[in-house]
Amino acid sequence: MRQLALVIFLIGCTAVENEPFPDPTAALDETAFRCKVEPILVKQCSYLACHGTGESALRVYSSGKLRASPPATNDDANAPLTDAERHANFTSAVGFSVATAPADNWLLRKPLPAKLGGYEHKGGAIYADTQDPQYAAIYAWLGGNKSCN
Amino acid sequence: MQLIRTIVAIAIAIAPMSAHAFVTGAAFDADPLIPPPADQGGYFPGAGGIAFTGAPRWSGHTCAVCHTNAPGHIGIRVEADQPTLFDEGWDPKKQYHLRVVLENEVEAVAFAASGDSCGAQNPPTLPYKHCDTNGFALEMDDGGGNPTGTFTTVTGAACSTAPNPDAAVYINAAKTAVIQTDTHKGITSWDFCWTSPGAGAGTITAYVAVVDGNGGLGTADVPNDPIGDDVATGTVPIAEKAAFGNGADAGGCAVGGGDAGLAVVVVAAALAFRRKHLAAVVAIATLAGCVHVRPRQREVLARPNMKFAPDPSEDELDLHMQESREGSSGGYGSSGGGCGCN
């Protein structure tokens, strides 16, 4: 009887396939990131006590501050970002883009003034408001902008 | 010009860390990603126009965003050639010669005496000699958090708008802040001039941050970095002189003597009986007793024995019961006093 029950139970099982989660990097353009978004992140976020640390969820490499490889000299530290570092900045920023509308993306929402919905950003308000050119540039990129113009 | 040290105590820094390439003032204006021409220093990274002074427009950020884990030994002093600036306030459209002083320098202080005879750029000093490189950033903001007034550099002892390649102070491209130039080493004070805005700007706050650099690893390869430097930051509110006597910006007006209440009653009574001349005389006599109370004099007004309550002990007890009953505290007595700081 038990064997019969087990057979019936196993027959009831169906194969379950894991559907791959859409790759967020596919929807966001790295070229546009490099010309429109990365300069903002480097200028506003890359400081060593802020996002210029490997311990931060948003990790930003920049010349003179956090580098992918510990620099041996000041020249190494100050050298322009490598292609690998710029790609790493892109993937780090993309990590915040999963399944949210651009306006709810943490890159945009958290650094807003509290009265406009900003919250829990240790660095305080970075954008003056949603009309801030920096906000607009990141919003456009999250919305699929692929242009550097 | 002999600067008169009027002065302002500023808080000691709390934040930590260092930056690799922000030793020159121009670096604060350089693009963060696009290297400047080689004749302008090669590829030092830029700050894109940001000089973190601690001002609200930078969300209070200071040099400590990179110079982390500062030991907190140093302090800042701000001086002015006109002693009335800090205790009486600023006059409209007036030029002040100011000085930011790094106090109690600790890092690389042993190399300060070398002055400019250090670093790799000076072959006669080879082998490499440690540099004492320090820096600062200051801006003056109005009540709305916007930079106000204009900065000029100092040539010799005088304020000057003429280009001065030897100046120790750099005015950023936006003309909103002053920063060190790194033209000279071993510097612990920076002179510059600031011309106040027109009347009506209200209280202006100086936001200042200073870095006591430790010279990096003390090698030609790493002559500076953000590690191990000390940082101090502070704010100096400066009232508008014209606003004295008008309320919040000023020290206020204290009626002389102990009969102010009586005087008010006499004036009211005279008006009630339509004795206009008597009322005018009493009012004039009373108002003549009004004096401006300077910020440093508020200490006296803040003393417990200046309170109106006849029995301070009874007052304290009542306050304690009220706080216990309502679960709240504060909002009593007068503020101010202390060291004479604004």
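Modeller: We will go through the confidence, the interface and then some single elements.

Biologist: How do you know how far to trust it?

Modeller: This is a predicted model. The predictor gives the complex an ipTM of 0.76 and a pTM of 0.70. Chain B averages a pLDDT of 74, and 62% of its residues score at least 70.

Biologist: Where in chain B is confidence lowest, and where is it highest?

Modeller: It is lowest in strand β12 (residues 253–255) of chain B, with a mean of 32. It is highest in strand β3 (residues 95–103) of chain B, at 96. Over residues 3–21 of chain B the pLDDT is below 50, and beyond near neighbours in sequence that stretch has 92 contacts in the model. Residues 245–273 of chain B also have a pLDDT below 50, with 44 such contacts.

Biologist: What makes up chain B?

Modeller: Chain B has five helices and 13 strands. Of its 342 residues, 38% are buried. Take the contacts in chain B between residues at least 6 apart in sequence: 73% of them join residues at least 24 apart.

Biologist: What makes you say that chain A touches chain B?

Modeller: Contact here requires C-beta atoms within 7 Å. By that test, 21 residues of chain A are in contact with 23 residues of chain B. On the chain A side, α3 (30–45) and α4 (74–78) are the elements that give two or more residues. That side divides into 11 nonpolar, eight polar and two charged residues.

Biologist: Which residues of helix α7 of chain A are buried, and why are they said to line one face?

Modeller: In α7 (residues 133–142) of chain A they are Y135(A), I138(A), W141(A) and L142(A). Seen down the axis of α7(A), the buried residues fall within an arc of 130 degrees, so they line one face of the helix. Their cover includes α3 and α6 (106–109) of chain A. Just after α7(A), G144(A) takes a positive phi of about 110 degrees.

Biologist: Why is strand β11 of chain B called largely enclosed?

Modeller: Count its buried residues. Seven of the nine residues of β11 (residues 230–238) of chain B are buried, so the rest of the structure largely encloses this strand.

Biologist: How do you know that β10 and β11 of chain B pair?

Modeller: Pairing needs at least two bridges. Nine bridges join β10 (residues 204–212) of chain B to β11(B), so the pair meets that requirement. The two strands run antiparallel. One of the bridges has A206(B) with V236(B) as its partner in β11(B).

Biologist: Why is D182(B) called buried?

Modeller: The cut-off is 20 or more other C-beta atoms within 10 Å. D182(B) has 21, so it counts as buried. This residue is found in the loop between β8 (178–180) and β9 (189–195) of chain B. D182(B) is not a glycine, yet its phi is positive, about 70 degrees.

Biologist: And why is N104(B) called partly exposed?

Modeller: Partly exposed lies between the exposed limit, 12 or fewer, and the buried limit, 20 or more. N104(B) has 14 other C-beta atoms within 10 Å, so it falls in between. N104(B) lies in the loop between β3 and β4 (134–141) of chain B. Its phi is near 60 degrees, a positive value in a residue other than glycine.

Methods
Residues numbered from 1 in each chain as written. Chains lettered and ligands numbered in written order. Predicted model: local features only at pLDDT ≥ 70, side-chain atom pairs only at ≥ 80, totals over all residues. Contact = placed C-beta atoms within 7 Å. Helix = DSSP H or I, 4+ residues; strand = E, 2+ residues; numbered from the N terminus. Nonpolar A, V, L, I, M, F, W, Y, C, P; charged D, E, K, R; others polar. pLDDT = per-residue confidence, 0-100. Arc of directions from axis to C-beta.
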